[in-house]
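I'm opening my notebook on a new structure today. I'll jot down what I look up, one topic at a time.

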Amino acid sequence: MEEEFWLESWVQNRTGFHQTKINPYLLKFWPDLGVEPEAGVFVPLCGKSLDMAWLREQGHAVTGIELSRLAIEDFFAAQALEPQIDQEGGFEVWRGGGYRLLCGDFFALTPEDLGPVTA
């Protein structure tokens, strides 16, 4: 699928792929991974996933990447956070409350863009 399809899906609120609950597999299997609470975690194609809030509640710094700026705006609004927004390389980076969400193309992401993550 093309970028425009995903961007238009968010604009038209065609987001049936967005879950209204935390992923049950995350809840079931996350403890088995043994990831230290302070470790950074990466959520690719994050949208406005509630999984990110759950991971943050576990103590993790959360880095995500999402193509749709609207999805990132919705996430920060739902978390009642006022983000700091900067441009870093090819990404618009939103920070606040222990979250660092990159707005841009997942396939353009480099290890340097990602930064330190454990899981």
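Predicted model: local features only at pLDDT ≥ 70, side-chain atom pairs only at ≥ 80, totals over all residues.

How many disulfides does the structure hold? I found 0, a disulfide being a pair of cysteine sulfur atoms within 2.5 Å. Cys46 is in no disulfide, and its nearest cysteine sulfur, that of Cys103, is 9.1 Å away.

Residues are numbered from 1 along each chain as its sequence is written, and side-chain values use heavy atoms, with hydrogens and water left out.

**Buried or exposed?**
Cys46 counts as buried at 4% relative accessibility, and Cys103 counts as buried at 12%. Buried means under 20% relative accessible area, exposed means over 50%, and partly exposed is in between (1.4 Å probe, protein chains only).

**Strand β2**
I then looked at β2, which covers residues 61-66. Helices (H or I, at least four residues) and strands (E, at least two) are DSSP runs, numbered from the N terminus. Which strands pair with β2? I found β1 (residues 40-43), parallel to β2 over 4 bridges, and β5 (residues 99-103), also parallel to β2, over 5 bridges. Two strands pair if DSSP finds at least two bridges between them.

β2 is largely enclosed by the rest of the structure, because 5 of its 6 residues are buried. I picked Thr63 in β2 as my example: its relative accessible area is 8%, so Thr63 is buried. What does Thr63 touch? Leaving out residues up to four places away in sequence, I listed Val41, Phe42, Val43, Arg100, Leu102, Leu114 and Val117. Contact means heavy atoms within 4.5 Å.

**The β-α-β unit**
I traced β1, helix α3 (residues 50-57) and β2, which make a right-handed β-α-β unit. Right-handed means that, with the strands pointing away from the viewer, the path from the first strand over the helix to the second runs clockwise.

**Both ends of α2**
Last stop: helix α2, residues 24-33. At its start, a side-chain oxygen of Asn23 comes within 2.7 Å of the backbone nitrogen of Tyr25. After α2 comes Gly34, with a positive phi near 70°.

Methods:
Polar contact = N/O pair within 3.5 Å; in protein donor to acceptor, adjacent residues only side chain to side chain.
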